[in-house]
Amino acid sequence: MKATLHRREVVKSLLKDRKDLLVLAGLGSTSWDITAAGDSPLSFPTWGAMGQAAMMGLGLALAQPRRRVLVVTGDGEMLMGLGALATIGVQRPANLSIVVIDNERYGETGMQTTHTAHGIDLAAMARACGFKHSTLVRTKAGVAKLRSAIHGKSGPLFAQVKVKAEKLPLVLPPHDGVLLKERFCAALLNQGQTTFCSD
Amino acid sequence: MWPEKVHKELSSAGVRVVGYVPDAGHKRLIELCRADRKMRAVVLTTEEEGIGLAAGAWLGGQKSVLLMQSSGVGNIVNVLGMVQVCRFPLVMIITMRGEQGEFNPWQVPMGLATPQVLEAMSVSVRRASDASEVAPLVAEAFKGGTAAAVLISQSVIGIKSFQEQRAQ
C-alpha cells in the first residue's frame, strides 16, 4: 500500500494546540518537522545521539509524571535503538507516546531504504514489548485520532505513521545543545528563569 | 560495605533515576536502589540507553546515575557526544573487568581501553582501588556538574571465578 500522508502535515496536526505537551525529536528529518510546525522552548530537537530519542522520552516521562511526553522520531532512528521498546515496556510510563514518522528511508543520507521498507513492523514490536496502545496509521482520520490519544489516553502509546518519501526544504532548529537544554529546563522547571540547569 | 555507602551518597545527591545493566559487581548496589522507594531503577538492554535516560531525566529536573561494567563503555561512545555538546551532568559508576587476574581474555581489550575511551569523550575518570575510596569518589563526581566516571577496580569487587560458577 502506497503512503499518502505528508510528514510535515502529520507532525503539524499532532502538535496543533499542543497545550503543555513536552516534545522530543530524533535527529534529522523529525527535528526539522517539529521545527516547521513551530519551534518552542518545550521542544527538544536532537542533532545526534541516534537511537536514543525513545530513551530520552522515557527519562523525561519518569521525571515529569504529570506532563504528557511525545517523542517524534524517524524509522531509521527507532531501528537503531529497538532495545528501548523493551526497556519502556518494563517501565510502562502512562504519560509517554512515541510516534515514528515512517517514510521507509534514511532521509539524511540519500534516501536509502530502511528495514521498514522490507516489511519490518515496528508497531507489532511495540505491542510485543507491552505498549498499552500501538497502531499503524495511514490516514488523516488516523492522525486526528492519534492526536487525541496522545493528549488523552493512558499509555505508553506507540504509533507508526506511514508517510510519503519526500525530500523537503530544511527547517532547522537551533543547534547549540546547551541552548536547547537550558531553554527547555527554564521553560519547564523555572518559569523562564535559567537556574536549575546550571545548578 | 561500599555499596551501602554509595547508596547513601546517591540518596544525599538527590538521585531519582538509576539506569543499570545487571552486573555481578553492582549486585548489592542495584538491590539497594531497587528497594529504595525514592529511586526508580530502570533495567536497560544496553548501556547506551542509560545515556538517553539520564539526559531525558535531567531535562525533566531529575538527577540520575548509570551503573555498568567496563565492557559497557564501548556501547556508549557516540552518545557521549550528546552529553558533551549539551553539557548534561552525568555520573557513571563502572565496575572493571579485564584487569590483572582476569580469567576471560575476551574482557581484556575493553577493560584496558576503558579509561582512554572515556577520556577521549571528555569524561573525567577517577579510579577506586580500595573499597574505602568508592563512596567519596562518587560524592565528588556529583559535585562537578559535568560528565564523570568512577571506575571500581577488580581489587575491590574481586575477580570473577569461573571455577566457583561451575561448582554452583
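Residues are numbered from 1 along each chain as its sequence is written, while chains are lettered from A and ligands numbered from 1 in the order in which they are written. Because this is a predicted model, local features need pLDDT of at least 70 and side-chain atom pairs count only at pLDDT 80 or more, whereas totals for chains, interfaces and linings use all residues. The model scores ipTM 0.96 and pTM 0.96. Chain B averages a pLDDT of 95, and 99% of the residues score at least 70; pLDDT is the predictor's confidence in each residue, from 0 to 100.

**Strands of chain B**

Helices (H or I, at least four residues) and strands (E, at least two) are DSSP runs, numbered from the N terminus. Buried means 20 or more other C-beta atoms within 10 Å of the residue's own, exposed means 12 or fewer, and partly exposed lies in between, with C-beta atoms placed from the backbone. In a regular strand the side chains alternate between the two faces of the sheet. Both faces of E6(B) are covered: Ala147(B), Ala149(B) and Leu151(B) lie on one side, with Ala148(B), Val150(B) and Ile152(B) on the other. By contrast, strand E2 (residues 40-43) of chain B has a covered face with Arg40(B) and Val42(B), and an uncovered one with Ala41(B) and Val43(B).

The table lists strand pairings; two strands pair if DSSP finds at least two bridges between them.

| Strands | Sense | Bridges | Opposite residues |
|---|---|---|---|
| E1(B) and E2(B) | parallel | 4 bridges | Val17(B) and Arg40(B) |

E5(B), helix H6 (residues 131-143) of chain B and E6(B) make a right-handed β-α-β unit. E1(B), helix H2 (residues 27-35) of chain B and E2(B) make a right-handed unit as well. Right-handed means that, with the strands pointing away from the viewer, the path from the first strand over the helix to the second runs clockwise.

**Core and contact between chains**

The largest nonpolar core has 110 residues, and those with the most contacts inside it are Val99(A), Val161(A), Ile94(B) and Val150(B). Its largest share, 9 residues, comes from H3(A). Such a core is a set of buried Ala, Val, Leu, Ile, Met, Phe, Trp, Tyr and Cys residues joined through C-beta atoms within 7 Å.

The contact between the chains takes 29 residues from chain A and 28 residues from chain B, where two residues are in contact if their C-beta atoms, placed from the backbone, lie within 7 Å. On the side of chain A that touches chain B, the largest share, 8 residues, comes from H3(A).

**Backbone details**

Most residues other than glycine have a negative phi, and most peptide bonds are trans. Met111(A) has a positive phi of about 60 degrees, and Ser122(B) one of about 65 degrees. A cis peptide bond joins Gly155(A) and Pro156(A), with omega about 5 degrees. Pro156(A) is in the loop between helix H7 (140-152) and strand E8 (157-162) of chain A.
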